[in-house]
Amino acid sequence: MYCMKDDIADIFISEEAIQDKVRELGAAISRDYANRPPVLVGVLRGVVIFMADLLRTIDIPVAVDFMAISRYGPTPESGGVVRLIKDLEEPIEGRHVLFVEDIVDTGLTANYLLRNLRGRQPASLEMCVLFDRPRHRLIDTDIAYVGFEIGDEFIVGYGLDYAERYRNLPYVGILKPEIYQSS
Ligand code: PRP
């Protein structure tokens, strides 16, 4: 029987290491926002796994909201412009917003969305990302909370997909090259 795990060459970040890091981030956020309850804003879809776990490690009152986007093409030429296909449910004016992402590569998506959120005049706006690929950056991105810095590895799992698969792996794995070379 086919098993998703057969497509994984190696475990890159274990489930335990991820959960430890998420707890660490949640503790830092709980401390930093103790007197100003934040709204956590995520972009569908990759962030849902991280968001669900992160929320449960935060022990102060917190709200959550989501946006969904479709891309015109995250190239430097497009400036990361995306089309918002689902907006936030609630206004964020005057609120403390923590923008949460699963991964930042070029930084184009984050910069575009941070600009969009900043335009709504939140009281504060910071960013939290679980996987950061600083070597892929095309535009400076100020990130207050970073989980792991990673390199060029072809990784999947814990929200990260390849062709919409593997998001549900509880760890981050390196995909076997034959999987992406064959399609
Ligand atoms: C990922 C991630 C960010 C974006 C980062 O989303 O969630 O939104 O890529 O890339 P960038 O820094 O180069 O702009 P993806 O397009 O994989 O969609 P998904 O969340 O549905 O997996």
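Q: In which strand does serine 124 lie?
A: Serine 124 lies in strand E6. Strands (E, at least two residues) and helices (H or I, at least four) are DSSP runs, numbered from the N terminus. The model is predicted, so local features need pLDDT of at least 70 and side-chain atom pairs count only at pLDDT 80 or more, while totals for chains, interfaces and linings use all residues. Residues are numbered from 1 along each chain as its sequence is written, and side-chain values use heavy atoms, with hydrogens and water left out.

Q: Is serine 124 buried or exposed?
A: A residue is buried under 20% relative accessible area, exposed over 50% and partly exposed in between (1.4 Å probe, protein chains only). Serine 124 has a relative accessibility of 15%, and it therefore counts as buried.

Q: Which residues does serine 124 touch?
A: Contact means heavy atoms within 4.5 Å. Leaving out residues up to four places away in sequence, serine 124 touches Arg36, Arg95, His96 and Val97. With arginine 36, the side chain of serine 124 also forms a polar contact of 3.2 Å. A polar contact is a pair of N or O atoms within 3.5 Å; within protein, one must be able to donate a hydrogen and the other to accept it, and residues adjacent in sequence count only if both atoms are side-chain atoms.

Q: What is the order of the strands in the open sheet?
A: Strands of a sheet pair through backbone hydrogen bonds, either parallel or antiparallel. Here, two strands pair if DSSP finds at least two bridges between them. The open sheet has six strands in the order E4-E3-E2-E5-E6-E7, and its pairing is mixed. Its edge strands are E4 and E7 (145-149), each of which pairs on one side only. From one strand to the next, the twist averages 30 degrees.

Q: How many bridges join E2 to E3?
A: Six bridges join these two strands, which run parallel; for example, valine 41 has aspartate 65 in E3 as its bridge partner. E2 (residues 38-44) is also joined to E5, by five bridges and again in parallel, and proline 38 has histidine 96 of E5 as its partner. E3 and E4, by contrast, run antiparallel and share four bridges, with serine 70 partnered by arginine 83 in E4.

Q: Across which strands does helix H1 lie?
A: Axes are lines fitted to C-alpha atoms, for helices over the stretch in contact, and angles run from 0 to 180 degrees between N-to-C directions. Helix H1 (residues 15-32) lies across E5, E6 and E7, at about 165 degrees to E7. Helix H3 (residues 108-118) lies across E2, E3, E4, E5 and E6, at about 165 degrees to E5.

Q: Which residues of H1 are buried?
A: They are Ile18, Lys21, Val22, Leu25, Gly26, Ala28, Ile29 and Ser30. The elements they pack against are strand E1 (8-13), helix H2 (48-57), E5, E6, E7 and strand E9 (172-175).

Q: Where does aspartate 87 lie?
A: Aspartate 87 is in the loop between strand E4 (82-86) and strand E5 (96-104). Its relative accessible area is 37%, so it is partly exposed. Beyond its neighbours within four places in sequence, aspartate 87 is in contact with Phe66, Met67 and Arg120. Its side chain makes a polar contact of 3.0 Å with that of arginine 120. Methionine 67 is 20 residues away along the chain, yet the two C-alpha atoms are separated by 4.9 Å.

Q: How many residues surround the ligand?
A: There are 15, the closest being Glu101, Asp102, Thr106, Gly107 and Thr109; a residue is near a molecule if one of its heavy atoms lies within 4 Å of it. A ligand oxygen is 2.5 Å from an N or O atom in the side chain of aspartate 102.

Q: What is the form of the peptide bond from leucine 44 to arginine 45?
A: Most residues other than glycine have a negative phi, and most peptide bonds are trans. The bond from leucine 44 to arginine 45 is cis, with omega near 10 degrees, and arginine 45 is in the loop between E2 and H2.

Q: What is the phi of alanine 163?
A: Phi of alanine 163 is positive, near 50 degrees, and tyrosine 166 has a positive phi of about 75 degrees. Alanine 163 lies in the loop between strand E8 (155-156) and E9, and tyrosine 166 lies in the loop between E8 and E9. Alanine 163 is exposed at 55% relative accessibility, whereas tyrosine 166 is buried at 1%.
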